[in-house]
Protein chains: 2
Amino acid sequence: MNIGEAAKASGISAKMIRHYEGIGLIEESRRSAAGYRIYSNNDLHTLSFIKSSRSLGFSLDQIKQLLSQWQDRGRASSDVKALALQHIKELDDKITELSAMRNLLQNLATECHGDNRAECPILQGLEQQCGEAKAKKT
Amino acid sequence: MNIGEAAKASGISAKMIRHYEGIGLIEESRRSAAGYRIYSNNDLHTLSFIKSSRSLGFSLDQIKQLLSQWQDRGRASSDVKALALQHIKELDDKITELSAMRNLLQNLATECHGDNRAECPILQGLEQQCGEAKAKKT
DNA sequence: ATCGACCTTACCACAATGGCAAGGTCAAGG
DNA sequence: CCTTGACCTTGCCATTGTGGTAAGGTCGAT
């Protein structure tokens, strides 16, 4: 199949498929006489794997590792698990960070009347380096 | 004060201060005879405001709006609040997305023995388009 | 022959930050 | 007076993952 069909079937844009090839995430595909890329069902399988991995938030670099583990029949599942656990930690850290932001901002927003007056606890909070204040209230 | 001192005092790198000036987030600073940037306490105040805003996750574009509202004595606090609420929603959406990823991945990781054997539920999960449980992008 | 839908490569852009290089400046100490 | 080191200047490149656009080739159907 052509790249457009592969894109539709895998959910990865044609643009990105070319890009993944360019950075060596996937192998160069076969080409037709005219130079069109041709994809097999096996290639599609790989693209779907990448798509799944991306939707779990793995970076392309991590996916490179996952792919090689996936294709290595002799791999130890402990290696895969280590990669997954590391990514879970990255996700947790990010969630913690965003939650802290959210809570601080929510506190400020709750105090803000949100009316026509100029007085605004949100701006005051930003002014007073609220970023350093820990979210311990309420 | 010079840019280095302003950087230390505000917690924003000199590099970024120049960048913020370049994109028009802050005004061009005064210069010494030799061309060195010179910052006043007032400039520092602005930089700290930006620093706080960044640490709450506002984009530079949003900060541009916050800054103009901050400097507008006649602003209505409702405008500021709207911006804050919008950002809270962005944060919530992101947190939801990341949590979904985390939970899916955690489930796979829990099933994985993580030993020397090749059998690996994580890779199997990725292979079976586990990504279908929608984790949407931003 | 021509049109539209597809493909190709090769650039540019984003957001926010870091890094490096080549050069100017300034203050202190010889 | 000159050197040294710490600072400043501009400018360009890299990152991450994705989208866009342009100029051109190809293919199938009319």
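**Exercise 1. Which domains does the domain assignment give for chain A?**

Step 1. Note the ground rules. This is a predicted model, where local features need pLDDT of at least 70, side-chain atom pairs count only at pLDDT 80 or more, and totals for chains, interfaces and linings use all residues. Residues are numbered from 1 along each chain as its sequence is written, chains are lettered from A and ligands numbered from 1 in the order in which they are written, and side-chain values use heavy atoms, with hydrogens and water left out.

Step 2. Read off the bounds, which come from an automatic or database domain assignment. Domain 1 of chain A covers 3-59, and domain 2 covers 77-132.

**Exercise 2. Describe helix H3 of chain B and its packing.**

Step 1. Take the length. Helices are DSSP runs (H or I, at least four residues), numbered from the N terminus. H3(B) spans residues 41-55, 15 residues in total. From first C-alpha to last it reaches 21 Å, close to the expected 21 Å. The expected span is 1.5 Å times one less than the number of residues.

Step 2. List what is buried (under 20% relative accessible area, 1.4 Å probe, protein chains only). The buried residues of H3(B) include Leu44(B), Leu47(B), Phe49(B) and Ile50(B).

Step 3. Find the partners. The buried residues of H3(B) pack against H6 (121-127) of chain A, and against H1 (3-10), H2 (14-22) and H4 (60-71) of chain B. Contact here means heavy atoms within 4.5 Å.

Step 4. Look just past the helix. Gly57(B) has a positive phi of about 90 degrees.

**Exercise 3. How many aromatic pairs does a search of the whole structure find?**

Step 1. Apply the test. Rings of Phe, Tyr and Trp (its six-membered ring) pair if their centres lie within 6.5 Å; planes under 30 degrees apart count as stacked.

Step 2. Count. The search finds two pairs over all chains.

Step 3. Take chain A. Phe49(A) and Trp70(A) are stacked, 4.2 Å centre to centre, with 15 degrees between the planes. Phe49(A) sits in H3 and Trp70(A) in H4 of chain A, 21 residues apart. Both Phe49(A) and Trp70(A) are buried.

Step 4. Take chain B. Phe49(B) and Trp70(B) are stacked at 4.2 Å and 15 degrees. Phe49(B) lies in H3 and Trp70(B) in H4 of chain B, so the pair ties together parts 21 residues apart in sequence. Both Phe49(B) and Trp70(B) are buried.

Terms used: Helices (H or I, at least four residues) and strands (E, at least two) are DSSP runs, numbered from the N terminus. Buried means under 20% relative accessible area, exposed over 50%, partly exposed in between (1.4 Å probe, protein chains only). Rings of Phe, Tyr and Trp (its six-membered ring) pair if their centres lie within 6.5 Å; planes under 30 degrees apart count as stacked, over 60 as edge-to-face and the rest as tilted.
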